[in-house]
Amino acid sequence: MKALFLFLSLIFAPYVRESISLNGEWAAIIDQYDIGLNKRLFTDANARGKTDFVEYSWEGGLRLQVPGDWNHQDPGLWWYEGTLWYARHFQVTISPGTRRILYFAGVSHRCEVFLNGIKVADHEGAFTPFQADVTDLLLEGDNFLAVRVNNNRRKDAIPAMSFDWWNYGGITRDVMLLEVPSPYIEDSFIRLRKGTHNTILADIRLSEALAGFEVTITIPELKIRKTVKTDDSGQARAEIKAKKLQLWAPLAPKCYDITISAGDDTVTERIGFREIDVDGTRILVNGNPVFLKCISFHEEIPMEKRRACSEADAHILVDAALELGCNAIRLAHYPQNEYIVRYAEEKGLLIWEEIPLWQGIDFSNEDTYHKAETYLYEMIARDRNRCAIGLWSISNETRPAPDRDAFLSRLLSYGRSLDDSRLFASAFDVAYYIPSADEFQMKDDFAGQLDVIGINKYMGWYAPWPKPAPELRWNVFPDKPLVISEFGCEAKAGTFGNTDVASSWSEDYQAALYRDNLTMFQNIPNLAGVSPWILFDFLSPYRQHPANQSFFNRKGVLSDKGEKKKAWYIMNDYYRP
Ligand code: GCU
């Protein structure tokens, strides 16, 4: 029977499954010359005979916390770009008839994983998960896990040689050993049937191509219990009418506990239902126009100069966006950890999620293209059951060119083949004021293929005001929803001064610039949302001014200590209902 839709192979709902956490303290060895593979650092070797010696040991050396970037854990690693090995032992009791899946939620940027000396996985991409079925390699009792991690920047990588955020390295997200029965529910996609507000569509695939296998979907709150059978490829589809279905909406979140059981496998996930679409220049959620009161943030806790990686960290970032008055967040510039996505969903924030195709990517390189596809695949595979995610964005500030246009067009149609239930967007920095036309215009052959156009425009900072803000008119993709995906400027918290001198680095200049931009935005007929750059000051090697920046990008409306700058109050006013 023809596949009803594309199943993806990242295990369904790892965070709600039975697992052994492999988080905690790991041993670590810095491998600056990347010689660890030859030296077999993936084994826990010790000297044997009299003449034998081993020039490394996992005992008594560096220790690093997982999850966590290595940069903030040791002053010697703050600037470190290179290879570093992690290793730990863990105990397992083998239970026959189950499968064991080793799951890494995120390792920055590329890595190879060894279990008991055998390579079981390798992955590139700091911000998406990967897994390996290690059932047949696990030993009863003690096991040895080693991970070679490298965060060197590379021309053919995504992102490439330079990007405006800290190049954190390490096992930055959770590691777990999942225990699942065999067969288990490998993938599932549960959402509204397009064009309806009361029909649930659930596609489920088992880990084995077993026909006639019963799969039951239960939603106690809706008194729904539906059983369907798998086809000969182990896939099943359920279509369920749900009369009293309450839809999820921005700032009106509603999620249901949904249990899927098949054989010995039972998974209960939190799922919300919503429809998202565009109607001309408006973004509609459940048929209602929504103006995105958005803000971007990096997956970073600036107060501690480190990657965010826990539930508590997620609360810091998401609660700050809520306090500002947002109904949406842009996860810049990469899929952030599941704690952030799930908490934002529970709190009712619509999410713009993107892959880190940031500025200068090697668009003529076929390998780089496949890395982009993999990134998109893994982002969608991990998060397509998160109803809060309304927009997938596939690039940020890439410049029009034949190879780039072809690359992005191909990637967009690939993305659409993976998910037809969301909008696709990108952020552009090529909208310019055209004096002869006395308006802003944008020429970009690729952009027209998207559902939503994101515009990054730094009027008053990177771009001078050609005339007073109230007089500036926009004519940029007038038939599509346009979101100002970035605007703003730098201000050092606690610095006050001239409202018209950028180099004052003052909160007053930033506040005045915000007021002027918000005034100008009223002249954008197809404006569907605004997202200031950025929530918190964040770390970046770009930002080298010793007094005003000290390697912080100071465009936050909140400082790196969480202090509210004057611009915060202007945005809060603007977003207040
Ligand atoms: C760009 C870019 C951001 C960057 C910002 C800035 O627009 O998308 O990643 O941080 O400008 O210069 O502050």
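Volumes here are the space filled by probe spheres set on the points, which are joined across faces, edges and corners. The model is predicted, so local features need pLDDT of at least 70 and side-chain atom pairs count only at pLDDT 80 or more, while totals for chains, interfaces and linings use all residues. Residues are numbered from 1 along each chain as its sequence is written, and side-chain values use heavy atoms, with hydrogens and water left out.

**Second largest cavity**

- The lining of the second largest cavity divides into five nonpolar, three polar and five charged residues, where Ala, Val, Leu, Ile, Met, Phe, Trp, Tyr, Cys and Pro count as nonpolar, Asp, Glu, Lys and Arg as charged, and the others, Gly among them, as polar.

**Largest cavity**

- Four cavities of 30 Å³ or more are found in a search of the whole structure.
- The largest cavity holds about 140 Å³ of space.
- Its lining has 17 residues, of which Ile 11, Phe 12, Ala 13, Ala 381 and Arg 382 are the closest to the centre.
- Strand S11 (185-192), helix H2 (338-347) and helix H3 (366-383) are the elements that each give two or more residues to this lining.
- By class, the lining of the largest cavity has eight nonpolar, two polar and seven charged residues.

**Ligand site**

- The ligand sits in the largest pocket, with more than half of its atoms within 2 Å of the grid points; a pocket is an open set with protein on both sides within 12 Å along at least five of seven lines.
- Surrounding the ligand are 14 residues (a heavy atom within 4 Å), the closest being Asp 164, His 333, Glu 397, Tyr 462 and Glu 486.
- This shell divides into five nonpolar, four polar and five charged residues.
- Polar side-chain atoms lie 2.6 Å from a ligand oxygen atom for His 333, 2.8 Å for Asn 553 and 3.1 Å for Trp 533.
- Taken alone, the ligand exposes 310 Å², of which the protein buries 96% (Shrake-Rupley method, 1.4 Å probe).

Note on methods: Polar contact = N/O pair within 3.5 Å; in protein donor to acceptor, adjacent residues only side chain to side chain. 1 Å grid on protein atoms, 1.4 Å probe; cavity = no way out; pocket = protein on both sides within 12 Å on 5 of 7 lines; lining within 4 Å. Helix = DSSP H or I, 4+ residues; strand = E, 2+ residues; numbered from the N terminus.
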